[in-house]
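Biologist: I am new to this structure and would like to learn how to read it. Could we take a few features in turn?

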Amino acid sequence: MRLPLLMCTALLTIALSHAQTAPVVTPRGVINGFTQRPAPSQVAPGGIIWISGLNLGPPEGIKATENPAPTKLGDVEVLINNRAAGVISAEPGRIVAVVPAETPNGLVNVIVRRGEQQSRAARISVLAIFPSLRTKDDKGFGELAATGSGPDVVIPASGFGTPGAQDLQAYVGGLRATVQAAAAERPGEFDVTITVPAEAAPGDMVTLLTGNRVANQGTWGKRAASLKYLPLPEGTPDLRDLNSSDLRGEFLIATGARDDKGCYAAFLFDFGKAAASRLPECLTTTNRNAATPIVAANDTAVLGALVGPPESAEVVSPKLLTVAPGGASATVTLPTAASLLTANANGFVAVAPGPPAKVYGIDPVTAEISEGAAVAAGGAGAPGGGPGGIVAITVDLGDGLNVVVSNPVGVGNNRRVVVVADNDRAAKKAKLAFLDPQNAVVATRDFPEGWLPLAAQPQQVQLPPGVNLPPGVQLARPLVSVFLDPPTRLFYVLARQGDNAKHGVVTFPLDPSEVKTVAFPDGWFATGCAAQIPLQSLDLSRRLGLLGSKTLATAFANPCPADGFLVVDLTNQTATAVQLPGTGQLNANAGANEMNDYMFGTNTDPGRNNVSDTLYALDGVSGAINRLDLPSGVTGFGNLSAIPAIGALIAPATNRVQGDGGLVLFDLETATAKLLPAPDGFAAVQIAGIFGTTRKVVGRGVKEQNAGSQFIVYDLVTGDASIIPNPEGVAFVGPLPAAAPGQGGGGAPGGGGQPGAGQVQQAVTLRSNPRAGTIAATAWNAQRRAVGIALLQVP
């Protein structure tokens, strides 16, 4: 039977009206409601989330009046891994909800339901504890939403987990503060009461810790930018390094070169007390080429160093000096002499070489000693731990398999896995090895027939004559990229066929299940000419990403051309290639990386070393590639820096020389680029520090004719720039620019010119401390002689 046209139209209208009421959650639309960090965001059970999209709530909006929040507000429901969440409020574009207390750790699905209609799932990561502080006007940066008069302030917080806040620590401006928390009458929130120390000042950073987790930082009140200054004490030699404490940028130690006895001249600058003095102790380290022996204890304002002179080339001494703001210092005597000092999440860590080797943990506040602390690779003067070094692990599986080519990854049950091969650059055989805590092999798995691990090919590095590595640290050799996917318990290894005809990933189940291979599309390869080939986790879409090339390369090259991105779907175990538009190419050795589930990289101008004119970004959620061209008036850029808090990248803008165009800001979410120009009178601007907590970038502007330098504070929200006046008698701050004809040279006494005998690196004359909101820099007069230390307090 044929329906009348009018009835068909009416039914279609009803159907469309019904379809339009279906809620839509944007793929990046679920974030922590307090931190406001872009997706992929993190939150704790009981924490507050914001959900953005379309048709999420009634046009007039609706708000819960009870605590705890109801799991159904009007017709709005939120399901987190199929568990009903409390709904605080709902309007068409946003829902505010509470993560269910029983939500397990990991990446979870968030679905909005209205009646019979529901949205597609979006994702957020859940951690057992993730403390989060509310900021003023819910901006996610700057001033905290603090209330109260006198020394006690109350800050709304969430994310303390279940059953609630325990073991709280708080600092204001790096100064220890009394703190307590209580459940608020508002759903999902706590009220944190902090007694502000008398020495703290408005605009100081507030740091809150619980369960070894640090909350998002904000400021107590606000301040204008200011530049403090302390003159060098009489007799100060050439300074080689500046070291501020982790949380109090006003408290720092500057060190000179190592002398014949192994001692570093050390000078304490306490801007809070407007005092500078020489430390009488011989501070030292076994690494003769270290720029400094100073180590900052994490999440405190305490600095430390081993006290010498060194007993031998391998051992320093059993004594450790710690210093803290207000003149507090302590000398700690270890049970045995140590060779290395570093820091972990719990404080200082001292390593005694033995035999047997021992590791001691030292509480930076109480000076209590414990044995068996975890060692962080690196430490004072150690090259290990970063891109240039790995901690050595010895594994011998027999049959020539004795070269560890991957970093160890914990897989639970006190087990770690590594890839072991017969060769670090061109393996002919390999296995996956499971290790116990003593690095003994408990099990192995074979690679699929015809497949082998694929290693990156960094340049060969030769140590300068006389340079020795600390015990247990070696220069990085080619590493094979690996990835553990917790939901599926699959371990991924970047791999190649023996003849390099195909590249892909091998998936090893952590149980005895079958090992499988996911090959990349025909004609696509990993960038074998790159120093690193990381497998980047794209959490929101459950994929892995890496740079890909349509040309096979097996040796290091710079530039290392990439034609696009390779994407591995962790759910359906497939791989696809996403080619750059046109004939575009990336340089895999020029800062390609991942941020906020965007993979990005730059092209290379063949006529200018380390200069690019185009940024490419792969949206890890949609799979689309965006090309971000430079603003008009700028021809190039280089040295990208990431600002995850706003999903942006920043770099010096280059026309003739680096930074002469100012700075260029790339917004990955909007796929746009904006110029932050060099102010009039400045020839170039270099990035001195990035301060995501207050949305500021500080540049060090060099005046025309290299006649001086000053700090320039750029506001990333407004785009405004503020030039900070230098103290009287100071012409330059930070590194000295090259002298113009007739100006004389750098490296004068008290300065930071060329390193002295036995020094491997240039002197460090500028240190940025984003956690404290400060930048410390050597201050120079017009004759290019160091005269003091300048400290910029960033607003």
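**Reading strands, a residue and a cavity**

Modeller: Strand E5 (residues 76–80) is a place to start: four of its five residues are buried, so E5 is largely enclosed by the rest of the structure. Keep in mind that this is a predicted model.

Biologist: Which strands pair with E5, and in what sense?

Modeller: E5 is joined to strand E9 (residues 106–114) by five bridges, and the two run antiparallel. Within that pairing, Glu77 has Arg113 of E9 as its bridge partner. E5 also pairs with strand E6 (residues 83–84), again in the antiparallel sense, over two bridges. There, Ile80 stands opposite Arg83.

Biologist: What lies between E5 and E6 in their hairpin?

Modeller: Two residues separate the strands, and Asn81 takes a positive phi near 50° in this hairpin.

Biologist: How should I read a sheet, and in what order do the strands of the open sheet come?

Modeller: In general, side chains in a regular strand alternate between the two faces of the sheet. In this structure, an open sheet is formed by five strands in the order E1-E3-E8-E7-E4, with antiparallel pairing. E1 and strand E4 (62–63) are the edge strands, each pairing on one side only. Further in, strand E3 (residues 48–54) and strand E8 (residues 94–98) run antiparallel and are joined by five bridges. Ser52 stands opposite Arg94 of E8.

Biologist: Is Asn32 buried or exposed?

Modeller: Asn32 belongs to strand E1 (residues 24–32). Its relative accessibility is 0%, and because buried means under 20%, Asn32 counts as buried.

Biologist: Which residues line the largest cavity?

Modeller: Its lining includes Gly173, Gly174, Asp204, Met205, Arg223, Ala772, Thr774 and Gln793. Sorted by class, the lining of the largest cavity has three nonpolar, five polar and four charged residues.

Definitions and conventions: Residues numbered from 1 in each chain as written. Predicted model: local features only at pLDDT ≥ 70, side-chain atom pairs only at ≥ 80, totals over all residues. Heavy atoms only, no water. Buried < 20%, exposed > 50% of the residue type's maximum accessible area, 1.4 Å probe, protein only. Pairing = 2+ DSSP bridges. 1 Å grid on protein atoms, 1.4 Å probe; cavity = no way out; pocket = protein on both sides within 12 Å on 5 of 7 lines; lining within 4 Å. Nonpolar A, V, L, I, M, F, W, Y, C, P; charged D, E, K, R; others polar.
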